[in-house]
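Here is a short briefing on one protein model. Keep the structure open while you read. Each topic has its own set of points.

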Amino acid sequence: MASTEEAVVTERGALQDLARRHLWMHFTRLSAFADHEIPIIVRGEGCYVYDEHGKRYLDGLSALFCVNIGHGRADIAQAGADQAAELGFFTNWSYAHPPAIELAAKVASLAPGDLNRVFFTSGGSEAVESALKLARQYFKLMGKANKYKVIAREVAYHGTSLGALSATGVTSLREPFEPLAPGGCHVRNTNTFRLPDSLSPADLAEAIAHRIEFEGPDTVAAVILEPVQNAGGCFVPPEGYFDRVREICDEYDVLFISDEVICAWGRLGEWFGALRYDYQPDIITTAKGLTSAYAPMGAMIVSDRVAEPFLEGNHSFSHGFTFAGHPICSAVALANIDAIEREGILDNVRTNEAPFRAMLESLRDIPIVGDVRGAGYFQAIELVKDPNTKESFSHQEAESLLRGFLSGELYRRGLICRADDRGDPVVQFSPPLIAGPEQFEEIEAILRPVLTEAAERMHCHSG
């Protein structure tokens, strides 16, 4: 008879074998695990997760910008279980049920301005896809059938479905699936660290107006922007940027979509990024933190003005998803929002944003650290060869830096974050919103020696 220890080893080996044979992980180079273990996370508690060997990791990414209230909240899961016992599922296609109704009302009460109509989805890409389709149909109903194009920003990520991918500005994600849905147009993003001397921050909003004019205002349906752009490394808006975007959208009769799949539900210290930066969109897309990822759910939140044509006569929004507004997911979302309110989680972000940022700023003495940027619990460090000249790394160097060293070494030392090169190389941090100074100290204790070694490996020049 096998010992308990032998049984555990066998079980671990079986999981590795099964994962290699059957699990197709997303955005993953599967060949990388031919001779390496697949990281298998089995448990979570607060700001930490544990792998199959029992090793603890600080989850500096909230899994994927989404476990906002932290891991291991049995009470949130219990809300879903209680709902399943009463009504496990019924569709929102021409029917309603109490959890979806209550959640829609709650979301509307927190959203800015007259965003009072909530269309549920199963995730973020679906929310963006819904918004782009809604913009097209809205203008058809308004007698402007030629308006179908969408203006987005370079390097911005808006989702993986073909419509959302047309708005996504990451070339490497678009190329394998071209031709995409028509209409995606792109302008410069708000990476002021890389802004040419010939441009000012004010020019970045004007680029949207110029692109609308270039495409023809009668062909442009929407502008879609994140409050803080994720891909490229947490690009924040310059002063007055969103005020000017709102004016441009009004001037050209274009819908303003605020893509808040990441930025909503406290990530920036407010319920929505639009509230953080004080602007009024026509549509908000969201997901991730809506349930703190305890259940898959997203939403498109729509202004009364945009919803109005769909409330008349025989019109309907010709679009939907089977599981959208799922009663279990809705119950989990309600419990999540209640926990955020009851436990003062937004206040925790507001209180600790400055010390979190200060910890990251303190790393500027390491010659590989070029820029530190972001907002709330959504921050990034851009990595450079030389902080004086802002010289970046070649593609081959970035590959060696990020995948050959940084990603694996940070994980080996017990920190989960994101080393990415959609744009220039960055390391991103998005910890659970319950994190505080203790976690910031842990991040620094791991990050400082790893970045120091990376600078030596890459022969970075000191400032």
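Start with Gln83: its relative accessible area is 12%, so this residue is buried, the cut-off being under 20%. The model is predicted.

**Gln83 and its surroundings**
- Gln83 sits in helix α3, which covers residues 74-86.
- Beyond its neighbours within four places in sequence, Gln83 is in contact with Gly88, Pro99, Pro327, Ile328 and Ala331.

- Helix α12, made of residues 327-342, contains Leu334.
- Setting aside neighbours within four places in sequence, Leu334 is in contact with Pro99, Glu102, Leu103 and Lys106.
- Leu334 and Ala100 are 234 residues apart in sequence, and their C-alpha atoms are 9.3 Å apart in space.

**The second largest pocket**
- The second largest pocket holds about 880 Å³ of space.
- Its lining has 25 residues. Those nearest the centre are Asn92, Arg117, Val118, Phe119 and Phe120.
- By type, the lining residues divide into 18 nonpolar, 6 polar and 1 charged.
- Which elements supply at least two lining residues each? They are α4 (98-110), β4 (115-121) and β10 (298-303).
- Strand β4 gives the most to this lining, with 5 residues.

**The seven-strand sheet**
- An open sheet of 7 strands runs in the order β4-β10-β9-β8-β7-β5-β6, and its pairing is mixed.
- Strands β4 and β6 (184-187) are the edges, and each pairs on one side only.
- On average, neighbouring strands in this sheet are turned by 25° against each other, direction ignored.
- Helix α8 (residues 202-215) packs on the sheet and touches β5, β6 and β7. The direction of α8 makes about 145° with that of β6.
- Within the sheet, β5 (residues 149-153) and β7 (residues 220-225) run parallel and are joined by 3 bridges.
- Lys149 has Val220 in β7 as its bridge partner.

- β2 (residues 48-51) pairs with β3 (residues 56-59) in the antiparallel sense, over 3 bridges.
- Val49 has Tyr57 in β3 as its bridge partner.
- These two strands, β2 and β3, form a hairpin with 4 residues between them. Gly54 lies in the turn and has a positive phi of about 90°.
- β3 also pairs with β13 (residues 415-416), in the parallel sense and over 2 bridges.
- Asp59 has Ile416 in β13 as its bridge partner.

**Strands β11 and β12**
- Strand β11 (residues 369-375) has 7 of its 7 residues buried, so the rest of the structure largely encloses this strand.
- β11 and β12 (residues 378-383) run antiparallel, joined by 6 bridges.
- Arg373 has Ala380 in β12 as its bridge partner.
- β11 and β12 form a hairpin with 2 residues between them. Gly376 in that turn has a positive phi of about 55°.

Note on methods. Residues numbered from 1 in each chain as written. Predicted model: local features only at pLDDT ≥ 70, side-chain atom pairs only at ≥ 80, totals over all residues. Heavy atoms only, no water. 1 Å grid on protein atoms, 1.4 Å probe; cavity = no way out; pocket = protein on both sides within 12 Å on 5 of 7 lines; lining within 4 Å. Points joined across faces, edges and corners; volume = space filled by probe spheres on them. Nonpolar A, V, L, I, M, F, W, Y, C, P; charged D, E, K, R; others polar. Buried < 20%, exposed > 50% of the residue type's maximum accessible area, 1.4 Å probe, protein only. Contact = heavy atoms within 4.5 Å. Pairing = 2+ DSSP bridges. Axes fitted to C-alpha atoms, helices over the stretch in contact; angles between N-to-C directions.
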